[in-house]
Amino acid sequence: MHTTFERTQRIAVLGGGPGGYEAALAAAQLGAEVTLVERAGVGGSAVLTDVVPSKSLIATAEASNAVKEAADLGVQFFARGGDAKAVKPEVAINLQAVNKRLLGLAAQQSEDMRTNLLDAGVRLVQGEGRLDGPNAIIVATAKGGTDFDRIDADTLVISTGATPRVLPSAVPDGERILTWTELYALKQVPEHLIVVGSGVTGAEFASAYRALGAKVTLISSREHVLPGEDADAAAVIEKVFKRNGMKVLSKSRADSVVVDGDGVLATLSDGREVRGSHCLMAVGSVPNTADLGLEEAGVQLAESGHIRVNRVARTSMPNIYAAGDCTTFLPLASVASMQGRTAVFHAMGDIVNPPENRNITSNIFTQPEIATVGWTEKEIDEGVVPGTVYKLPLASNPRAKMMGIRDGFVKLFASAGSGAIIGGVIVAPKASELIFPLALAVEHRLTVDQFAEAFPVYPSLTGSLTDAARAMHVVR
């Protein structure tokens, strides 16, 4: 009698960011033999130098703003033995302590993720990895590339992320001219921070450092900040930026940024000069796909260098998948995680529900935040999808009045025929938390009437969501 054993599927993951982490974890839970290769630390740049530390910095900025604005709510600050008049407080920021805390949080998050992988039975290999054909990864496990580890696998998942784009006319030096990964070495709040780029990253850091007390000049090559976002939302953010003392230079392109003495000098394309103490270059990112052996393994890349993937995160090679910012999909940590799981489920024959672009929520962590989901108003206006739009200012919400919220709105989009909610925009403090009910509505095709039947707490900011839905009721 002969006993046959089914060979365990071998899965190798290159890159330990959100996509690679979730892929490795899901594969191990499904019984695969999993090896994950990571050069810096589990969590990748998202945890170590990007999402976790930047949002921690923004949380500190929000706390600073809350203290500054507390007097508007009747909270008075006194000096003992001094004049008992209410005063606007001077808020001091110890940036060195802030950065130490946020890098500590990032390191702890990375360690927690590493422990989860080890507990699940994932083999971790630290080093620089590259493909050796479509069925193996070679890892340089020592500096100088003298020691190599070869990992053979049935399925490969590539999740190598992206790095900040560097312009030859504004090369970061890590001290005065910085990428967003280098900000956490600053020992004190910059006296005058020039931010080049008014996309999501530029807007978030400009907002945060202004709240922390820096003078900020935002150089935008477009007519308005956040050019790719909902126009009404971007207008609110730009208004708040200017009201808070930020200088926004629209339709301005920085030709060069150089270190000049103990500061920086930005020269614009029209000849104007802007001087500051530091400069943050936020001009996009490039995928980490060069010199990985991808094309030699048969993996197709876009002209931008991103890996072409389909909805189940599969590349042009049937056994190679890719997830995260190195792919042609949406560059969001939540999307990378979903892609990683989807890739493994598909590779191992499990049930797959591919993510639908329209149902993915995104958020911009300015103050206030901008959260979006589904179709956009621009697409409705252009006739791409038939729909109706309703916008409700947040200032009319009773909880917003209590909290002293002056800026923001809720905007719902509904199908012109069925009344199904097809999208929405929220501009508010913690919009990232408020968007989830709308995401559920879009995912499950709830109508405005069904949505309005839910009971929000009174008073609450979520009440504006049901108020907007009620206003969109159509007698049938």
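The legends below describe close-up views of a predicted model.

**View 1**

**View 2. The open sheet β3-β2-β1-β7-β18.**
This sheet has five strands, and their pairing is parallel. At its edges stand β3 (123-126) and β18 (320-322), each of which pairs on one side only. From one strand to the next, the twist averages 20°. Helix α1 (residues 18-29) packs on the sheet and touches β1 (10-14), β2 (33-38) and β7. The direction of α1 makes about 165° with that of β2.

**View 3**
Strand β7 is made up of residues 155-158 and runs parallel to β18. Three bridges join the two strands. Within this pairing, Leu156 of the model stands opposite Ile320, a residue of β18.

Asp149 and Arg123 form a salt bridge in which the closest N and O atoms are 2.7 Å apart. Asp149 belongs to strand β6 (residues 148-152) and Arg123 to strand β3, so the pair ties together parts that lie 26 residues apart in sequence. The count of salt bridges by the rule applied here comes to 23.

**View 3. The open sheet β9-β16-β10-β11-β12.**
Five strands make up this sheet as well, and the pairing is parallel. The edge positions are taken by β9 (177-178) and β12 (247-249); each has a single partner strand, so one side of each is left without a neighbour in the sheet.

Strand β16 spans residues 278-281 and is joined to β9 by two bridges. The two strands run parallel. Leu178 has Leu280 as its bridge partner in β16.

**View 4. The interface of domain 2 and domain 3.**
Between domain 2 and domain 3, about 830 Å² of area is buried, with carbon and sulfur atoms giving 59% of it. The contact involves 10 residues from domain 2 and 11 residues from domain 3. On the domain 2 side, Asp230, Asp232 and Arg243 supply 45% of the area buried against domain 3, more than any other three residues.

Five salt bridges are counted between domain 2 and domain 3. A salt bridge links Lys411 to Asp230, and the closest N and O atoms of this pair are 3.0 Å apart. Asp230 is also one of the three residues that together supply 45% of the area domain 2 buries against domain 3. Four residue pairs are in polar contact across the interface, with both residues of each pair at pLDDT 80 or more.

The peptide bond from Gln367 to Pro368 is cis, and its omega is near 0°. Pro368 sits in the loop between β19 (362-364) and β20 (369-374). Another cis peptide bond joins Tyr458 and Pro459, with omega at about -5°. The loop that holds Pro459 lies between α12 (448-452) and α13 (463-471).

**View 5. A positive phi at Asp291.**
Asp291 is not a glycine, yet its phi is positive, at about 60°. The residue is placed in the loop between β17 (285-287) and β18. Strand β18 is an edge strand of the sheet shown in View 2.

Key: Residues numbered from 1 in each chain as written. Predicted model: local features only at pLDDT ≥ 70, side-chain atom pairs only at ≥ 80, totals over all residues. Heavy atoms only, no water. Pairing = 2+ DSSP bridges. Helix = DSSP H or I, 4+ residues; strand = E, 2+ residues; numbered from the N terminus. Contact = heavy atoms within 4.5 Å. Buried area = accessible area lost by both parts, 1.4 Å probe. Salt bridge = Lys/Arg side-chain N within 4 Å of Asp/Glu carboxyl O. Polar contact = N/O pair within 3.5 Å; in protein donor to acceptor, adjacent residues only side chain to side chain. Axes fitted to C-alpha atoms, helices over the stretch in contact; angles between N-to-C directions.
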